[in-house]
Amino acid sequence: MGKILVNDQFISREEGSIDIEDRGYQFGDGVYEVIRVYGGKMFTGKEHLTRLFESSKKILLELPFTQEELTAKLQELMEMNKLHTGTIYLQVTRGAAPRQHQFPGQSKPVLTAYTKEVGRPEEGMNKGMTATVADDVRWLRCDIKSLNLLGNLLAKQEAMANGSFEAILHRDGTVTEGSSSNVFIIKDNQLHTHPATNLILNGITRRVILQLCNEIGLTYKEEAFSVEELYAADEVFMASTTAEIMPLVQVRDVPVGDGKPGEWTKKLQVAFKGAIQQQCGELVGAEE
Ligand code: PDD
C-alpha cells in the first residue's frame with residue numbers, strides 16, 4: 001500500500017484520519033493536483049505545483065509551506081513508495097473548524113498526498129475512445145482546480161452510463177472542456193482549443209501540447225469553437241495528466257473523420273512521448 005503524506009508526516013493509510021469538520025470534507029473547501037510520474041520522475045511537477053499555489057491563492061488559502069518544501073516531500077513519498085509509473089494525488093483543504101460557511105478565523109490547512117502505480121493508457125491512445133456531449137452546468141471559476149467536482153462528476157457519470165469515456169461540455173453551444181480533460185479539434189490542418197479563461201482549467205498537458213504544436217509545425221488557435229464545429233472536425237482529442245493525448249473517434253453517434261485516430265493527433269502523441277522521455281528518461285515498463 002505504501003505511505004501517505006499528511007501535512008509533514010509519512011504514515012500508513014490506516015493511521016490517517018479526517019476530522020468530521022474538515023472543510024474539504026464538508027464543503028469541498030480546498031484545492032488539488034494530480035501529477036504524473038514516469039520511471040520514478042515527476043513529469044511537469046513544477047508546473048503542477050505552481051498551479052496548486054495559484055489555485056490556493058484564488059481561494060484565499062495560504063499554504064503553510066513553500067513550493068520547494070512540498071516538492072521535497074513529494075519526492076520523498078515517491079521514493080518511499082518506490083513509485084515507478086503512476087500518479088501522485090495531493091490536496092490541501094482549509095482544515096478543521098466549527099461548521100460555518102465563512103472562512104474560520106483560525107484553521108490549519110491540511111495537506112494529504114498519496115501515490116498510485118498506473119501505466120500509460122496505451123490501448124485507448126492507440127484505438128481512440130468515444131465521447132458524449134453534455135451541458136456545462138458548473139460554476140464560473142473552472143480555472144481553479146478545486147475539490148468541488150460535482151458538476152464534473154455528473155457529466156462523467158452520464159458519459160459512462162452511455163458507454164462513453166468522456167463528456168465534452170458546452171455552454172450554450174460553445175465547447176469549453178471535458179469533464180476531466182481539455183478538448184481539442186483539428187480542422188483544415190489547424191488545432192483549436194478553448195482559451196485559458198475562467199471557463200476551463202488551463203491543463204498542464206494542454207500547455208505542453210501547445211508547445212509541441214510549434215515543434216511539429218501545426219498551427220493553433222486558442223479560440224472557442226461550437227458543438228457544430230466539433231461534429232465537423234477532422235480530428236478530436238482530449239488531454240489530461242492521466243489520459244495524456246487521447247483520440248476521440250466518435251462523438252455521440254457521429255464518427256470523427258474516418259473513425260480512427262487522426263494523423264496530427266498521432267504526431268502529437270509521438271512528440272508528447274518525446275517530451276516525457278526528455279524529462280523522465282526511457283519509458284521502460286510504463287505501459288498499462
Ligand atoms: N483532471 N480540465 C479538467 C476539468 C480536469 O479535471 C483536468 C484534469 C484537465 C486537464 O488538466 P491537466 O492536463 O493539468 O491534468 C482539464 C485530473 C487529471 C483529475 O482530476 O484527475
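A polar contact here is a pair of N or O atoms within 3.5 Å. In this predicted model, local features need pLDDT of at least 70, side-chain atom pairs count only at pLDDT 80 or more, and totals for chains, interfaces and linings use all residues. Residues are numbered from 1 along each chain as its sequence is written, and side-chain values use heavy atoms, leaving out hydrogens and water.

Let's start with Ile204, where a backbone N or O atom sits 2.8 Å from a ligand oxygen. Alone, the ligand exposes 480 Å², of which the protein buries 90% (Shrake-Rupley method, 1.4 Å probe).

## The surrounding shell

Around the ligand are 21 residues (a heavy atom within 4 Å), with Tyr32, Glu177, Ile204, Thr205 and Thr241 the closest. Domain 1 (3-117) and domain 2 (122-280) each contribute at least three residues to this shell; the domain bounds come from an automatic or database assignment.

Key
Polar contact = N/O pair within 3.5 Å; in protein donor to acceptor, adjacent residues only side chain to side chain.
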